[in-house]
Amino acid sequence: MLRKMTQAANPDAGHPLRIGVVGVGVMGSNHARVFAGLPGTELVAVADPDQKQADFVARTLGCTAVADVEQLLALDIDAVTIAAPTHLHHDIALACIDRRVHVMVEKPIASTVAEGRDIIAAAAQAGVTLMVGHVERFNPAVEAIKEAIRGEDILSIAITRVGPFPPRMSNVGVVIDLAVHDIDLIRWFTDSDIVDVQPQLSSAVAEREDIALLQFRTASGVLAHINTNWLTPFKARNVTVATRGKYVMGDLLTRQVTECFGFQPDGSYSMRHLSVGHAEPLRSELLAFVRAVRSGATAAVTGEEGVASLEIATLCLDVRPTVAPAQHLAPRVVVG
Ligand SMILES: NC(=O)c1ccc[n+]([C@@H]2O[C@H](COP(=O)([O-])OP(=O)(O)OC[C@H]3O[C@@H](n4cnc5c(N)ncnc54)[C@H](O)[C@@H]3O)[C@@H](O)[C@H]2O)c1
């Protein structure tokens, strides 16, 4: 305990960071895999009430399996990833922060904005690092797009994130599960808040919305659009950004990014493929988390940014149009 308190106050302490992963389903088992090979860290244990799954991951990666976060925290952990179902993020994060353990929490930060704010306040008070797993920011194709539009006058952004239903349905629809990635990207690409929200949602098959067409305007005047659903038979993740000087197109799966530029009055223009890195996004994300823990610097994706994106996603659900089918007019909502 003495070492833990010293470590939280002095994040530069030289020992490997003792890491725990809470929830080792689809996403958490990937966190555990990456941490198991990450320099400067030691994957100590994974916690999951699904004993078979916890044992499998622990055996594969050579760490300890425990049933819950309390047993994990008893192992003198310095930092955790929380990849349990979203409705558990709040309580698990508070339990970790209460022990002055640094927290990387998967997106969305929590089920509600109020819960997200609770986590932020607790982390600030305890002086621990809090980072939110908006892993798409670390996709090399996304990084290349961000670089291509640096200093450009951005006019509009269109993002498509579609695919089939996930194998295990959680208790959220496509807006909280998928669009929250792109809401974060729109805020990050534009360095601006979203101030207008115009959502169109439909539940074609699932109980919750499984199709969403979302339109936004940022404070800086950028128009943005997200097309997301669980009804497309194949996965697609595409981003296009129109600026005054460029048109940038990125495929986040194949990691091809192309820009059109040098527009001429006769309609001609130049085109080039941009260089895109090969790093695994999750590894880059977790390296950024470890750097933030060690340096005490602001995390690459802060709790406030996680809450801001969740707030916009929640708003999209709150203004679900209730008008009769003949009047397909979504209400215009001004945020903030
Ligand atoms: N960043 C991304 O791209 C991305 C992708 C998928 C999921 N996620 C997020 O990761 C989280 C988990 O999603 P998933 O798809 O891996 O779900 P999942 O259902 O595959 O895994 C969740 C795991 O948590 C375990 N669990 C349940 N209760 C627990 C508890 N009290 N303590 C510890 N573990 C517990 C379950 O047994 C399961 O193994 C969600 O918040 C989701 O939004 C993020």
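Which polar side-chain atom lies 2.6 Å from an oxygen atom of the ligand? I found that this atom belongs to D48, a polar contact in the sense of a pair of N or O atoms within 3.5 Å. I was working with a predicted model, in which local features need pLDDT of at least 70, side-chain atom pairs count only at pLDDT 80 or more, and totals for chains, interfaces and linings use all residues. Residues are numbered from 1 along each chain as its sequence is written, and side-chain values use heavy atoms, with hydrogens and water left out.

I next looked up E106, whose side chain has an N or O atom 2.9 Å from a nitrogen atom of the ligand, and then K107, where a backbone N or O atom lies 2.7 Å from a ligand oxygen atom. Taken alone the ligand exposes 840 Å², of which the protein buries 78% (Shrake-Rupley method, 1.4 Å probe).

I also noted that 24 residues surround the ligand, each with a heavy atom within 4 Å of it, and that they divide into 13 nonpolar, six polar and five charged (Asp, Glu, Lys and Arg count as charged; Ala, Val, Leu, Ile, Met, Phe, Trp, Tyr, Cys and Pro as nonpolar; the others, Gly among them, as polar).

Turning to charges over rings (NZ of Lys or CZ of Arg within 6 Å of the ring centre and within 35 degrees of the ring normal), I found K146 over the face of W188 at 4.8 Å from the ring centre, and R272 over the face of F261 at 4.0 Å.

How values were computed
Polar contact = N/O pair within 3.5 Å; in protein donor to acceptor, adjacent residues only side chain to side chain.
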